[in-house]
Amino acid sequence: MKNSQDEWERLIQSLVHQRILRSEKVIKAMRRVRREWFLPENMRNYAAVDTPLPIGFGQTVSAPHG
């Protein structure tokens, strides 16, 4: 299994490279607050995928780019 922290950092770097992430405050916050903390256990392996993910009760957590 890949290291989820490394995958998350690669996603952040990709979003910075694409100029989607520009604010240093937002970048710093994304490095401190991991998306997987808000996901059900069965979805945590997908935390670094840039797409909305289901969190239950018909709701989703937004994609990191948006």
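I began with Arg35, which I found in the loop between helix H2 (24-32) and strand S1 (53-56), helices (H or I, at least four residues) and strands (E, at least two) being DSSP runs numbered from the N terminus. I note that this is a predicted model, in which local features need pLDDT of at least 70 and side-chain atom pairs count only at pLDDT 80 or more, while totals for chains, interfaces and linings use all residues. Residues are numbered from 1 along each chain as its sequence is written, and side-chain values use heavy atoms, with hydrogens and water left out.

I then looked up the charge partners of Arg35, which is buried yet has no salt bridge, the nearest side chain of opposite charge being Asp50 at 6.1 Å. Here buried means under 20% relative accessible area, exposed over 50%, and partly exposed in between (1.4 Å probe, protein chains only); a salt bridge is a side-chain nitrogen of Lys or Arg within 4 Å of a carboxyl oxygen of Asp or Glu. For charge, Lys and Arg count as positive and Asp and Glu as negative, with His and the chain ends not counted. What I did find is that the Arg35 side chain reaches the backbone oxygen of Val49 at 2.8 Å. Leaving aside neighbours within four places in sequence, I listed the contacts of Arg35 (heavy atoms within 4.5 Å), among them Trp8, Tyr46, Val49, Leu53 and Pro64.

I recorded Arg31 as partly exposed at 40% relative accessible area, and Glu9 as partly exposed at 28%. In the other, Glu36 pairs with Arg34 at 2.9 Å between the closest N and O atoms; Glu36 counts as buried at 17% relative accessibility, and Arg34 counts as buried at 12%.

Finally I checked backbone angles, bearing in mind that most residues other than glycine have a negative phi. Arg19 is not a glycine, yet has a positive phi of about 65°; I placed Arg19 in the loop between H1 and H2, where Arg19 is exposed with a relative accessible area of 52%. Phe57 also has a positive phi, near 55°, and I found Phe57 in the loop between S1 and strand S2 (59-61), exposed with a relative accessible area of 86%.

Notes
Polar contact = N/O pair within 3.5 Å; in protein donor to acceptor, adjacent residues only side chain to side chain.
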